[in-house]
Amino acid sequence: CGTSAGMALMGDGSVYSWGAGTGGRLGHGDEFPRSEPSVVSYLSGSSVRQIAVSDFASMAVTDKGDLYVWGDISWASDGKRSCGWIPLLMLELSHRVWEASLGPHHAAVVTYTGQVFTWGLNFTGQLGLGDTLDRATPTLVTFNGLRGRAWTISCGTWHTAAVTEYGQVVTWGTGDQGQVGHGDKSTCLNPKAVLGFRRHQDDVEGEEPVCQIACAQTHSMALTVKGDVFVWGKGEEGQLGLGPSKLSSYQPACVSGLKDIVGIACAQTHSAAINKFGQLYVWGLGTALGQE
């Protein structure tokens, strides 16, 4: 979900959207709001397998590996306002897309061959291209010295994270709140491995392989193959879930009290996890959790 719009992917590959329609973010061919879920008819027959939603735009990946984009994508248009009111096939990317992620100002995809392409605004290095120059079209990210191909990816506001096929986490972009997890506040212009995925620092089994990643504005989350949840970054609203004595972490820290987790998600001031029994855990700012 974005700030004022929602989207759902159904089992049959159809997509529904609702909420504010500004900039065409709902994909219905207009800017009118929808008070209840409405099917995105322009994607009918495309067999969508994954969707990505930000505050201003949306993406859909089909079973064939095609990537569709709609909404306000001015960040991908050399700074000029560009709104697509209907899903449009992204012809600039000739590779089959496995997964897509969308931040407020940039986008990233993983291809079927494990390559990563990014584009959009880049003044904090969130594209991972070794510089701070914006890119209007998808550009290949080089993973020098890292193990394996990319498997999954997540865009935060000003940083990005990916997981390789071997369960290694790599991040890049701004680290002003520790959200890249490298142990300090430095900005990283190229992909760099994140270390510290151990429930206990003296764990003789070493690093736990990671299978899922999630990024928000100033914090990040990772789920390991053992079902453990690790967090890092800013946590002044409790979004890290590490208790009142630890409101920030510059490197991965394990969230206690969680086990058998199979899914994670996070937003600016809250986080969530679901276990294999369907039990949902949420923590962070109370107003964001619907508690007030």
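Biologist: Which residue in strand 11 is the bridge partner of Gly120?

Modeller: The bridge partner of Gly120 in strand 11 is Arg135. The model is a predicted one, in which local features need pLDDT of at least 70 and side-chain atom pairs count only at pLDDT 80 or more, while totals for chains, interfaces and linings use all residues. Residues are numbered from 1 along each chain as its sequence is written, and side-chain values use heavy atoms, with hydrogens and water left out.

Biologist: What makes strand 10 and strand 11 a pair?

Modeller: Strands here are DSSP runs of E with at least two residues (helices are runs of H or I with at least four), numbered from the N terminus. Two strands pair if DSSP finds at least two bridges between them. Four bridges join strand 10 to strand 11, residues 135-141, and the two run antiparallel, so they count as paired. Strand 9, residues 106-111, also pairs with strand 10 in the antiparallel sense, over five bridges, and there Ala108 has Thr118 as its bridge partner. In the hairpin of these two strands, Gly114 takes a positive phi near 85°.

Biologist: Is strand 10 mostly covered or mostly open?

Modeller: Strand 10, residues 116-120, is mostly covered, with five of its five residues buried. Buried means under 20% relative accessible area, exposed means over 50%, and partly exposed lies in between (1.4 Å probe, protein chains only). Val116, Thr118 and Gly120 point one way from the strand, whereas Phe117 and Trp119 point the other way.

Biologist: Why is Ser14 called buried?

Modeller: Ser14 has 17% relative accessibility, and the limit for buried is under 20%, so Ser14 counts as buried. Ser14 lies in the loop between strand 1 and strand 2, and its side chain is joined to that of Asp12 by a polar contact of 2.6 Å. A polar contact is a pair of N or O atoms within 3.5 Å; within protein, one must be able to donate a hydrogen and the other to accept it, and residues adjacent in sequence count only if both atoms are side-chain atoms.

Biologist: How many aromatic pairs does the structure hold, and why is the pair of Phe143 and Trp172 called edge-to-face?

Modeller: The structure holds six aromatic pairs. Rings of Phe, Tyr and Trp (its six-membered ring) pair if their centres lie within 6.5 Å; planes under 30 degrees apart count as stacked, over 60 as edge-to-face and the rest as tilted. The ring centres of Phe143 and Trp172 are 5.9 Å apart and their planes are at 70°, so the pair is edge-to-face. Phe143, at 16% relative accessibility, counts as buried, and so does Trp172, at 0%. Phe197 and Trp232 form another edge-to-face pair, 5.7 Å centre to centre with 75° between the planes, and both are buried.

Biologist: Which residues touch the most other members of the largest nonpolar core?

Modeller: A nonpolar core is a set of buried Ala, Val, Leu, Ile, Met, Phe, Trp, Tyr and Cys residues joined through side-chain atoms within 4.5 Å. The largest has 17 residues, of which Met59, Leu67, Leu102, Val109 and Trp119 touch the most other members. Strand 5, strand 6, strand 8, strand 9 and strand 10 each supply at least two residues of this core. A second, separate core of 16 residues includes Ala216, Leu223, Val231 and Cys266.
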